[in-house]
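Grab a pencil and work through these exercises with the model open beside you. Each task comes with a solution that goes step by step.

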Amino acid sequence: MSPETTIQAAMITPLVGAVLISFAGRWPNVRETITLVTAVIMFYLVASLYPHVMDGGRPSLVVGEMLPGLPIAFMVEPLGLLFALIASFLWIINSIYSIGYMRAHNEKKQTRFYVCFALALASSVAIAFAGNMLTLFVFYEALTISTYPLVTHAGSDKAKQGGRVYLGILLSTSIGLLFLAIVWTWMIAGTVDFTPGGILEGKASATVIGILLALYMFGIGKAALMPFHRWLPAAMVAPTPVSALLHAVAVVKAGVFTIVKVVVYIFGIDLLSVMANSDWLLYISGFTLLCASIVALRQDNLKRRLAYSTISQLSYVVMATAILAPLSIVGATLHIAAHAFGKITLFFAAGSIYTVSHKTEVSQLDGIGRRMPWTMGAFAIGALSMIGVPPTAGFISKWYILHGALDSGQILAVAVIILSTLLNAGYFLPIVYAAFFRKAQGEHGEAPLPIVIALTLTAAGTVLFFFFPGIFLELARQLI
Amino acid sequence: MIDGQLPILQVVLPLMMAPVTLILRNPRAAWMLTLVVTWATFTISLSLLMQVLDSGTIIYKIGGWAAPWGIEYVLDKVGAFVMVIVSGIGSIVLTYSRRSVEMEVPEDRIYLFYTMFLLCLTGLMGIVITGDVFNLFVFLEISSLSSYVLISLGKDRRALTAAFRYLIMGTIGATFYIIGVGLMYMMTGTLNMADLSALIPAVADTRTIQAALAFLTVGICLKLALFPLHLWLPNAYTYAPSVVTAFLASTATKVAVYVLIRIVFTVFGGVGVMEGLGVQHILMALALTAMFAASTIAIYQNNVKRLFAYSSVAQIGYIILGLSFVSESGVAAGIIHLFNHAIMKCAIFMGLGCVVLRIGGVTIKDMHGLGHRMPWTMGAIVLGGLSLIGIPMTVGFVSKWYLVRAALEKDMWFIAVLIVLSSLLAVIYVWRIVEAAYLKPVPENAAPVHEAPISMLLPLWVMALASIYFGLDATNTLSIALDAANALLHGGVL
Amino acid sequence: MDAFSGLFNYWIVVVLMMMGFYIVISQQNLIKKIVGLNVFQVSVFVFYISMGKIKGGSAPILADGIEIYSNPLPHVLILTAIVVGVATTALGLALTVRIKNAYGTIEEDEIEAMENTPSNKTPEATS
C-alpha cells in the first residue's frame, strides 16, 4: 500500500468500524470484537507509516476543496505521527479495558458508547494528520461533538451539567477565538498550510502577531490553559474509559498538539523568539501549571484530582513550547507521549477501584493496595511518571524540557518545573502510601481480568518508555 | 425550440396547473400533479442555471415586444441560483408533504392546499425571473396572497390571526413597494430594471428618487422580515401547517432578499446607494440587532417551531449583514447564506413536521426523550441545528467563514467578533432541544411512538445530508456566489 | 402657494395615505383595519392616476388636431393594482369571517386576551 492510501485507510477504518458496531449492537460479543479488530487495524496502518516518515518522507493527501483555495488536506509529519501512534495504540488497550469496565457496570447504551468512541478516534487521527489549519479545525470540532454523547453518557442531571460546561467552553473558545484566528491568518498569509518555519514571517506587525497568538492559545480550549480549563473536571462525569483515553489522551493531547503545531508550523519558532511580547505565554502556562497542581492537592475525588493533574501536565507541554528552544520542543513532544501512558494508567486504576469497591474519594483508599496489588502497583508507576522519577516515562520528557529551559536561560521555567515536581509528589504519594501502608477496610478482591490486563500493559509501557525512548525520541528529533 | 421558451414555462406551468388541481379535487391526484409540476420546474431551473453559467444572462421578451415597452424576463447568475433554491426546496418539500398535509389540513381542503402551493410557487418564480419592477409587484402579491391562505390552513385557530396580521403587514409592505415604483416611474418613465439602472444616475440627486429608495427598502424589508419589521413572522411560522413553514421559511423570505439585492445592486447599481446614502450602515445596524435580539428571544421560547422562527429572523440578519459589507466576499457571503440557510431551515422544519405527525405538538416538553423514540427525525433536526451554529462540515460554517472574512477585510474586527458571539447564542437554543431530546427521560405515560414514515424521512434526510455535502464541498456553490457578487458589484446591469 | 396648489393632488394622496395608515394601526376592529388598508391603497391608486395626467392632454386616442396626450401606462398599471387590492380585501374579509367563527369576536384586543390565557388548548409548559 502506498503511504497515501494508508493515510486514507487509517482514517476510514474507524468510520467503517463505527458503522459495523452500530449494526452489531444486538450482539455484544461481536460488537466488542469489531471494536478491538478496528483498533488493531488502525494501529497497524498508522505504524506502517513510521518508516516512511523516518526516512524523511512526508506523505500527503488532498481530499478535495472545501472552500475555494482551501482544501481538506492531510500530511503526515513526525509530530502528527507521534500523536496518531499514541492515540491508536492506547485505543487497543483502552478497548480491552472498556469491555471489562462497561460489562462490570452493566452500562446502558453501550453501542452508542462504542460508536462515539470510534468516531472520536477517527477525528483524533484526522487532527494528527491534518495538513492545514482548516482541516485541523474541522476535525477539532468533530472531536468535540463526537465526545459530547460520551460525556453525558449517564444521562443524569449531573451528566447534563457536565456536558453543558464541556460543550460550552470548548465550543465558545473554538468558535469565538480559534475560528477568528484561522480566518485572520488566512487573510494575512493567504494560506493556512502547515509549513516548516511558519507562514506569518514578515506578513504582519508585531501587534497583530501578538493578538493572533493569544487568539490561538486561548482558542485551543482543549489545551485547558487557564482560565478555560473548567471543562476538563466537568468531563469527569463520563465513564472512566472515556476519561482515560479521551480526557487524558486523545482530546487533551489534540489540544496541546494543536498548540505545538501552531507554534512550529504557523508562527515558526524563529518568528516568535524574536518577538518581545510572546513571554506572557510562558507566564500563563507556568501559572496554570502551579495553580492546577495546588487545586489538585485539595481534591478528594480521585478522578477530579487526576483531572487537575492533567491540566497541570498539559501546561508542561505548552510551557515547553513557549520556551522556544529546540530541546524543549523535543521535550514537549515527548511529554505528549509520556504523559499519555502515565495518565491513562492512573485513570485505569481509578476506574478499577470504582468497579470493584465503588470508592471514588481519595480518603477511602486506605489499605486498598493489599487487596488490589496490580491496580495499585500500576497506579504507583503512573504516579511516579507524573512526578518524573526514573525509571518512568515522565523523567525523560522532563529532562528534555529542563535542559531546554536551562539552555535558553529561562530560570523562571526551571523554578516552576521544580516546584511543580514537589507539588506532584505532594498529591500523588500520599495516595500510594495510604493504599499500601494503612489498614484496609471492606472486602473485595482485584478487578476483572480485562481491566487488570489493560492497566498492567500501560504501566509496563510507562516503564519501557524510560528504557527505550528511541521510537518517540527519533520522531521528536525530526521536528527540529 | 422549447429551449428558448424555458424561462416563461417556469411561471406558466405552475400557474396553469393551479386551476387544474382545483378541478381535480381528489387529494391524491392533486398531490401527484403538483409533485410532477414542482419537479419539472426544478429540472428546468437546473438547466437554466447551466445555460446561464455557460453562456451568460438569458433575456426573454414576452410576446416578442422589446423592452422597455414589453415586459422582459431576465435571468442572470443570482436569479438562476435563487430560482434553483426555490424550486429545489419546493420539490423536496412537496415530496415530503403528503402525509403531513393529510394530518394537518382538513381533508376537504387538501386540494385547495395544493392549488395555493402552486400559485405561491408561481409568484416566487415570477419574482426571480422578471426584469420589470411592476411585474415584480404582481408576482409578489400572487405569492403573498397565496401564502396568507396557506398559513391560515393551520390547525390551531391562532393560524387565522397570524395570517390576518401577515396580510395587513404584507399588504402595507407591497404598497410601499409600489409607491416606490411609482416615484421612480415619475422620474424616469420606465419600469424596466435595466433601463432604470441606466436612467437613475442622471436623476439620483432628486428627492423623489431618494424617497423612492426609502419606500422600496422599507417595503421589501417588511417582506423579508428584517428586524424590527419581523413581527408577522414568528406567529405565521409557528401556526402554519408544518409543510408550509418548511416551504415559506426557506423560500419566501429568501426571495424577498433577492428583491432587495435587485433593487439595491441592479436598479440603483449605478448610484452606489449603499455607501452614498448610508443605506449600508442602517442595514448593518439592523442586521446586527436582528442577530442578537432574535437569537436571544429564541432562547426563551418553549414552542420549538417558534424558537426556529425567531432563529430565522436572526439568520436573515446574517444575510443582510453580508450584503451590507458591499464587498465581493460580503455579498457572496449573503448569497451563499441564502442558499445554506434555506437548506438547513427546510430540514429543521420538515423534521418538526415529523414530530407533529407522531407526537402532535412541538413544545420542548414534547421533545423529551424523543432522541430515542424517533432517532432519525431527531438526528436530522440536530444536524440542522449544528449547521445553524456553524460547526465545520456543515453549510453554516461556510457562510460564517465568508462573513467573518468580509468583516476582517473591511477591518471591522468588532463585527467579526459579534458574528461569532451571536453564533454562540445559537449553541444555547439548539442545545436546549438536544438536551430535551437526548437527556430527558421519556414521559412516563407517553403512548408508544413510531418513527415517521419513510416518505417523509427520505426528503428530510436528503436535506440534512445536503447541508453536510454543501458544507464539505462548497467550491461550486461558492464560485457561483462569488461570480454573482462580482457581477452585482460591477455595474450590476443585467 | 405654488407648493400647495401646484401639487394639490399629492397632498390629497398624502392625507389619504396617512388616514388609511392611521386606521390600520389604531383600530382594534378587524373590518375597520381592512377598510383602513383600502383607503391606504386607494391613495396609491390616486397617486398613479394623477401622475399620468398631463395638463391639457386628452385621452390617448389618435385623432387630428390633438397634440398632447395623457400617459395611459400608469392607468393601466393601476388597473392591475386594483385587482390585487380587491383580492387582498376579499381574502382579508374571508379571514375575518373565519376568525369570528373561531373566536366569537373580531376585536383584536379581545382575541389577544384569549390567545394569551393559558387555558385554551395545549398550554405551552415550561421545561
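An axis here is a line fitted to C-alpha atoms, for helices over the stretch in contact, and angles run from 0 to 180 degrees between N-to-C directions. Helices (H or I, at least four residues) and strands (E, at least two) are DSSP runs, numbered from the N terminus. This is a predicted model, where local features need pLDDT of at least 70, side-chain atom pairs count only at pLDDT 80 or more, and totals for chains, interfaces and linings use all residues. Residues are numbered from 1 along each chain as its sequence is written, chains are lettered from A and ligands numbered from 1 in the order in which they are written, and side-chain values use heavy atoms, with hydrogens and water left out.

**Exercise 1.** Work out how H4(A) and H5(A) pack.

Step 1: get the geometry. The axes of H4(A) and H5(A) (residues 110-129) come within 9 Å and cross at roughly 170°.

Step 2: name the arrangement. H4(A) is therefore roughly antiparallel to H5(A); angles under 35 degrees count as roughly parallel, over 145 as roughly antiparallel, 65 to 115 as roughly perpendicular and the rest as oblique.

Step 3: look at who touches whom, with contact meaning heavy atoms within 4.5 Å. Residues of H4(A) including A:Trp91, A:Ile99 and A:Met102 meet residues of H5(A), among them A:Phe113, A:Phe117 and A:Leu121.

Step 4: sort them. The contact of H4(A) with H5(A) divides into 15 nonpolar, five polar and one charged. Ala, Val, Leu, Ile, Met, Phe, Trp, Tyr, Cys and Pro count as nonpolar, Asp, Glu, Lys and Arg as charged, and the others, Gly among them, as polar.

**Exercise 2.** Now pair H4(A) with H2(A) and find the hand of the crossing.

Step 1: H2(A) (residues 28-47) and H4(A) (residues 78-105) have axes that come within 8 Å and cross at roughly 165°.

Step 2: that makes H2(A) roughly antiparallel to H4(A).

Step 3: the crossing of H2(A) past H4(A) is left-handed, a term for a near helix turned anticlockwise from the far one by less than a right angle (right-handed if clockwise).

Step 4: the residues in this contact of H2(A) with H4(A) split into 16 nonpolar, five polar and two charged.

**Exercise 3.** Describe chain C, then its H2-H3 pair.

Step 1: chain C has five helices and zero strands. Of its 127 residues, 34% are buried (buried is under 20% relative accessible area, exposed over 50%, partly exposed in between, with a 1.4 Å probe and protein chains only).

Step 2: H2(C) (residues 8-26) and H3(C) (residues 30-52) pack at about 160°, their axes 7 Å apart. This makes H2(C) roughly antiparallel to H3(C).

Step 3: H2(C) and H3(C) cross in a left-handed way. The contact of H2(C) with H3(C) comes to 14 nonpolar, five polar and two charged residues.

**Exercise 4.** Which of the two pairs of chains in contact shares the most contacts?

Step 1: chains B and C do. Chains A and C are joined by no contact, and their closest C-alpha atoms lie 14 Å apart.

Step 2: turn to chains A and B. Chain A puts 31 residues into that contact and chain B 33 residues. Together, chain A and chain B bury about 2900 Å², 80% of it on carbon and sulfur atoms; buried area is the accessible area (1.4 Å probe) that two parts lose on being put together, summed over both.

Step 3: on the chain A side, A:Met66, A:Ile175 and A:Phe179 lose the most area to chain B, together 19% of what that side buries.

**Exercise 5.** Is B:Glu141 buried or exposed, and what does it touch?

Step 1: B:Glu141 sits in H5 (residues 133-152) of chain B.

Step 2: B:Glu141 is buried because its relative accessibility is 2%.

Step 3: skip neighbours within four places in sequence, and B:Glu141 contacts B:Ala174, B:Lys223, C:Val84 and C:Thr88.
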